[in-house]
Amino acid sequence: MSTILDLQNITTTVNVGTSEEKNILKNINLKINDGDFITLLGTNGAGKSTLLNIINGSIFPTSGKIILKERDLTNLSEVKRAKYIAQVFQDPKMGTAPRMTVAENLLLATKRGQQRGLHLRGLDRHLEEFKRETAQLPNGLNERLNTFVGNLSGGQRQTLSFLMATIKKPELLLLDEHTAALDPNTSRQLLELTNKVVKKEHLTCIMITHQLKDAIKYGNRTIILNSGKIVLDVNGQDKKTLTEEDILQYFTD
Amino acid sequence: MSLITSTIGQGLLWGILALGLFLTFRILNFPDMTVEGTFPFGAAICISALVHGVNPIIATILSFLGGMLTGLITGLLYTKGKIPVLLAGILTMTGIYSVNLRILGKANVGLLNKATLLNEKFLQRLPDNFPTIVVGLLFAIFIILLLALFLNTDLGQAFIATGDNEKMAQSLGINTDNMKILGLMLSNGLIGLAGGLLGQNGGYADVNMGIGTMVIGLAAIIIGEVVYGNLSLTARLIAVVIGSIIYRLILLLVLQLGFSTNDFKLISAIILAICMMLPLFEKKFHTRKLLKKGVTKP
Ligand SMILES: Nc1ncnc2c1ncn2[C@@H]1O[C@H](COP(=O)(O)OP(=O)(O)OP(=O)(O)O)[C@@H](O)[C@H]1O
Ligand SMILES: [Mg+2]
């Protein structure tokens, strides 16, 4: 089992030198293995989103190192890291371009992290593939490839965001409460899809959730953050026997 | 009749400016005030080049390149200097005013019968005002074709995505700063070109000719949208130029009603304000249908 992501002594402090100074992440050390499907839990404000943002490069740590497959990403921008890392945000509006069609959005995603030059985009060449990919999804996107994304429902947009994140296989997939804005049914469907795709494509994935049941049900590993520290990190058999009561013990302030 | 043909010619040339503005205002989704400096800059470069005996084709190209330069400056101030885009544009615009004075040496410079792109020999055989229409049409078609092609490339799609959802674009590895700079350069290049062509058409460059150009460009874009509604991107480019012609015709009409050219700026502002409020009326009175009938029926 090889290490994909290695976080070394990650500390994040905001508003340094003011009365608002706050230590959001405190000396995080974390090794993530190839094929790990991690559910990440923690109270509001525990630092989960901040941790993902550190990994994707939208914020930089105050100190520490980020190594992905032996490449040092610590000083690489989010744009540069996109080559390796894909993400789905909580807000369905964040992950898709509303005035472009479903197919155009997908096309953008197939070229994640690549040099984009003056070649014709070649949408037609990809339509078959997009039809096939979207037909596997629960909410009829295959019928709406030429619809502007702004006209889709939140659930459809989020399903599309997920497909966009995985259509070109990432080395690491980050999901920040990606089903939180959806109704229970749609949320369930997208979680099942996530589980299926992560397993089938053998993706390495970190998924933030507030649903204890989902955190237990999905993935091979569960991590709990509390006030910027990892307070639980279980996998394998320990993870399988994890109960909601066990988890709740770690949800103290 | 000659009033109408001259208006159409003007509309086509102003349409080039509107196409440039479309790239920032509609695709990148922000107002770029540089236009009011870029337009006279293009004219100043072109006219003084012609006065110094430069070939009209080269002088016209220079006005495009000059525009790209102002776009680059605003783009750098905005993306690297982190100055809000509205202010970045105003800064460049203000600075260019002095540069224009330097280039022209005084506030207004006339062409004095120098050769221009619009009085090339083969155009001279056409009836009055038609040289402008032919040149305007050629440029408009050429630019629309190139833009449509560009927007359909990988780079063009990344450019569109930047304006549509910057956060998403970044997460897909698109360098959005570069896209904004590119857009501002292309946009202002076209605006400078429009300045050069309209300067040649009018026979002069004036340091104050930029005032109100933002409103003129926006009016063209919005009239095009009001009249033609939801279209594909390429069709929207065409609608922008048609909107520009319609806008000129409306101005002509107003002038015929007895207003003077001194009232132009006020009238342009009122027309744009009305057009921007049209979607509001649209909901209540279905004005788009009415307008469409008015435009498409003889
Ligand atoms: N730029 C910032 N400036 C100041 N405080 C910040 C900043 N970013 C995050 N914080 C604070 O850091 C803490 C952790 O935020 P974060 O968004 O990582 O929490 P979270 O675990 O994702 O919470 P939630 O479950 O509510 O999404 C919060 O208290 C938040 O207010
Ligand atoms: Mg969060």
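Biologist: How far does a polar side-chain atom of Ser49(A) lie from an oxygen atom of ligand 1?

Modeller: This is a predicted model, where local features need pLDDT of at least 70, side-chain atom pairs count only at pLDDT 80 or more, and totals for chains, interfaces and linings use all residues. Residues count from 1 along each chain as its sequence is written, chains are lettered from A and ligands numbered from 1 as written, and side-chain values use heavy atoms, with no hydrogens or water. A polar contact is a pair of N or O atoms within 3.5 Å. For Ser49(A), the distance is 2.7 Å.

Biologist: And Thr50(A), what's its distance to a ligand oxygen?

Modeller: Thr50(A) is listed among the closest of the 14 residues around ligand 1 (near means a heavy atom within 4 Å). Asn44(A), also on that list, puts a polar side-chain atom 2.8 Å from a ligand oxygen. For Thr50(A), that value is 2.5 Å.

Biologist: Is Thr12(A) buried or exposed?

Modeller: Thr12(A) sits in strand β1, residues 3-14 of chain A (a DSSP run of E, at least two residues). Beyond four places in sequence, its contacts (heavy atoms within 4.5 Å) include Ile24(A), Thr50(A) and Pro61(A). Buried means under 20% relative accessible area, exposed over 50%. With 4% relative accessibility, Thr12(A) is therefore buried.

Biologist: How are α3(A) and α4(A) oriented to each other?

Modeller: Helices α3 (residues 102-110) and α4 (residues 123-135) of chain A have axes 10 Å apart, at an angle of about 100°. Among the residues making this contact are Leu106(A) of α3(A) and Phe130(A) of α4(A). Angles of 65 to 115 degrees count as roughly perpendicular. So α3(A) and α4(A) are roughly perpendicular.

Terms used
Axes are lines fitted to C-alpha atoms, for helices over the stretch in contact, and angles run from 0 to 180 degrees between N-to-C directions. Helices (H or I, at least four residues) and strands (E, at least two) are DSSP runs, numbered from the N terminus. Angles under 35 degrees count as roughly parallel, over 145 as roughly antiparallel, 65 to 115 as roughly perpendicular and the rest as oblique. Buried means under 20% relative accessible area, exposed over 50%, partly exposed in between (1.4 Å probe, protein chains only). A polar contact is a pair of N or O atoms within 3.5 Å; within protein, one must be able to donate a hydrogen and the other to accept it, and residues adjacent in sequence count only if both atoms are side-chain atoms.
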